[in-house]
Amino acid sequence: MHKTRIDLPEDSRRQLAELLNGRLADAIDLRLAAKHAHWNVKGPHFMSLHEFFDRLAAALDAPIDEIAERITAIGGTAGGTAATVARRTSLEPYPADIVSGTDHVEALARTVAAFGRDVRQAIGQSGQLGDEGTADLFTGLSQEVDKQLWLLEAHQQAAN
Ligand SMILES: [Fe+2]
């Protein structure tokens, strides 16, 4: 951990940085999955899904930067290399060979739901480590992830 005047014990900062780095890797992994879907989706609703998946990826840009810079603000190192992300992500590998819009919506919904669960858990974990600032960051992100899951699931739900 780097030196800082922040009034959080080093051990708490280390655990917070580890928690934040885990969710950072997940967010980058999810963003890449959304881009992969944006590039490779085919089928009857191509254009709308192509654009929708790109907006999902874009919605993660600001949160990714916020998580990374929270890590550095508390004296940690933000893991942004491909190798680090691949090692730290907790998400299931995104299926590389699917093509149809339905399959991509389902795969992304599964991935976003798993990410959303871990982000929600991170709110309480940050609070327990005495860092309401990080808890607040995760609270905002949790709302955004829930919204993205709604947008994905709305593609799958008929009127009932
Ligand atoms: Fe594009």
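Let's start with Asp118: its side chain makes a polar contact with the side chain of Arg117 at 3.1 Å. A polar contact here is a pair of N or O atoms within 3.5 Å; within protein, one must be able to donate a hydrogen and the other to accept it, and residues adjacent in sequence count only if both atoms are side-chain atoms. Keep in mind that this is a predicted model, where local features need pLDDT of at least 70, side-chain atom pairs count only at pLDDT 80 or more, and totals for chains, interfaces and linings use all residues. Residues are numbered from 1 along each chain as its sequence is written, and side-chain values use heavy atoms, with hydrogens and water left out.

Asp118 sits in helix 5 (residues 101-128); helices (H or I, at least four residues) are DSSP runs numbered from the N terminus. Leaving aside neighbours within four places in sequence, Asp118 is in contact (heavy atoms within 4.5 Å) with Arg23, Asp26 and Ser90.

| Residue | Relative accessible area | Class |
|---|---|---|
| Phe52 | 7% | buried |
| Phe53 | 0% | buried |
| Asp118 | 11% | buried |

At its start, a side-chain oxygen of Asp131 comes within 3.1 Å of the backbone nitrogen of Gly133. Buried residues in helix 6 include Phe138, Leu141 and Val145, and helix 1 (10-40) and helix 5 are among the elements covering the buried ones.

Note on methods
Buried < 20%, exposed > 50% of the residue type's maximum accessible area, 1.4 Å probe, protein only. Helix = DSSP H or I, 4+ residues; strand = E, 2+ residues; numbered from the N terminus.
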